[in-house]
Amino acid sequence: MLLSKSFKQATCNLRLINLSDGVSGQQKADTVMIYSRQTTSHMHKLPNGVTFFERGWLSSNNVLIQHEEEALLVDTGYWTHAHQTASLVTSVLQNQPLTSIVNTHLHSDHCGGNSYLQHLFPAISTFIPPGHASFVEDWNAEVLTYTPTGQHCPKFTKSGLLSNDDCLLSGDASWRVYSAPGHDPHSIILFNELEGILISADALWENGFGVVFPEIDGIQAFDEVEATLQIIEQLNPKLVLPGHGSSFTDICGALKRARTRLAQFKASPEKHSLYAAKVLLKFKLLELQKIKYLDYVAWANSANYLHLLHTNYEKAIEFDAWILDMCKSLEKSGACLFVDQYIVNIN
């Protein structure tokens, strides 16, 4: 993989499939959909050399870009799925090594597999956005958000940085880097202009976008979400490979839905707070699957972001009672179930 500031206009050969890889197991592995050019689909085709792994919601989706002896993986999923991520990648690469990792941002569900892949492929290079680079070097789990979210990410190293207007060159394919703050202030998205394919990370999903984490810290960032949506609109992609959920081609519809949600959050920030709290709680349930409720509450008490959300929006109610209210709401929506002294993940 080469990094270039100059955008190389060249023919790009990538690809899109529909291979159901029902990898399931105890900790619990994702059921994965793998897309490459071989799939017959109504969707815009991926060019030769690109494979899209659609994961569940604990691990982010991954995009594998190959050319001859080069192979780069965009995002690596959550740490509990690291072995599965490696299996998925090697099933496509066969005997070819993975040469590069590219992280769109450093949330645990997008870079949790970095460490294991670096161990598996010792010569691999890892490229990250510049914002938190020094905290990766010194490994500050607090600033990197792993401690305040109550999540885990094994320590990894970086090889280089990805800045706005850089290009990732893989053979004749060029993917331009765009800064995409909002969900995360240092996030990037990647756009293949020739093919009209956007790797949108958590800036845009088919139905919405990721939690706006700076807002939890009291930093206004809803306008940055809109600015990033405007960039995506101007790029006018034909196909979006999001950080979570299925790939999609109805970009106008997705942007409309995202802006509707954003307007709701702007009008009522407490709605975003509620959404963020439920996402953090559900994420941990996806990881643990089943846990004694008292242990779950103990974990919640260790997650500072939950305390910030409670203090800023729900301090009239005691913290543990608020967590119970959130869990009861999740149960009502079918996202979890109380069974005796346990809370159990559903779906």
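# Asking how we know: a predicted model

Visitor: Where does Ser60 sit in this chain?

Guide: Ser60 is in the loop between strand S4 (50-54) and strand S5 (62-67). Bear in mind that this is a predicted model.

Visitor: Why is Ser60 called buried?

Guide: Its relative accessible area is 0%. Buried means under 20%, so Ser60 counts as buried.

Visitor: What does Ser60 touch, leaving out residues up to four places away in sequence?

Guide: Ser60 touches Arg55, Asp75, Gly77, Asp109, His110, Gly243 and His244. Each of those has heavy atoms within 4.5 Å of it, which is what contact means here. Ser60 and Gly112 are also worth a look: they are 52 residues apart in sequence, with 9.6 Å between their C-alpha atoms.

Visitor: Okay, and Asn347: what makes it buried or exposed?

Guide: Asn347 has a relative accessibility of 74%. The cut-off for exposed is over 50%, so Asn347 counts as exposed. You'll find Asn347 in the segment after strand S17 (342-345).

Visitor: Which residues does Asn347 contact, beyond its neighbours within four places in sequence?

Guide: Asn347 is in contact with Lys282, Leu286 and Gly334. Its C-alpha atom is 7.9 Å from that of Cys336, eleven residues away along the chain.

Visitor: On to helices. Why are H9 and H12 called roughly perpendicular?

Guide: Helix H9 (residues 269-288) and helix H12 (residues 319-332) pack at an angle of about 80°. Angles of 65 to 115 degrees count as roughly perpendicular, so that is the label for H9 and H12. Their axes are 10 Å apart.

Visitor: Which residues of H9 and H12 meet?

Guide: From H9 there are Leu274, Ala277, Lys278, Leu281 and Lys282, and from H12 there are Trp322, Ile323, Met326, Ser329 and Leu330. By class, that contact has seven nonpolar, one polar and two charged residues.

Visitor: What makes Ser329 the polar one, and which two are charged?

Guide: Lys counts as charged, so Lys278 and Lys282 of H9 are the two charged residues.

Visitor: How much space lies in the largest pocket, and which residues are closest to its centre?

Guide: About 1,000 Å³ of space lies in the largest pocket. Of its 42 lining residues, Trp57, Val279, Lys282, Phe283 and Leu286 are the closest to its centre. H9 provides the largest share of that lining, nine residues. Helix H2 (108-111), helix H8 (251-267) and H9 each supply at least two. By class, the lining divides into 15 nonpolar, 19 polar and eight charged residues.

Visitor: What makes one space a cavity and another a pocket?

Guide: In a cavity, a 1.4 Å probe fits but cannot get out, whereas a pocket is an open set. The search of the whole structure finds four cavities of 30 Å³ or more, and the largest cavity has a volume of about 70 Å³. Its lining consists of His105, Leu106, His107, Pro129, Gly131, His132, Leu144, Thr145, Asp184 and His186.

Visitor: Which of the lining residues of that cavity is charged?

Guide: The lining has three nonpolar, six polar and one charged residues.

Notes. Residues numbered from 1 in each chain as written. Predicted model: local features only at pLDDT ≥ 70, side-chain atom pairs only at ≥ 80, totals over all residues. Heavy atoms only, no water. Axes fitted to C-alpha atoms, helices over the stretch in contact; angles between N-to-C directions. Helix = DSSP H or I, 4+ residues; strand = E, 2+ residues; numbered from the N terminus. Parallel < 35°, antiparallel > 145°, perpendicular 65-115°, else oblique. 1 Å grid on protein atoms, 1.4 Å probe; cavity = no way out; pocket = protein on both sides within 12 Å on 5 of 7 lines; lining within 4 Å. Points joined across faces, edges and corners; volume = space filled by probe spheres on them. Buried < 20%, exposed > 50% of the residue type's maximum accessible area, 1.4 Å probe, protein only.
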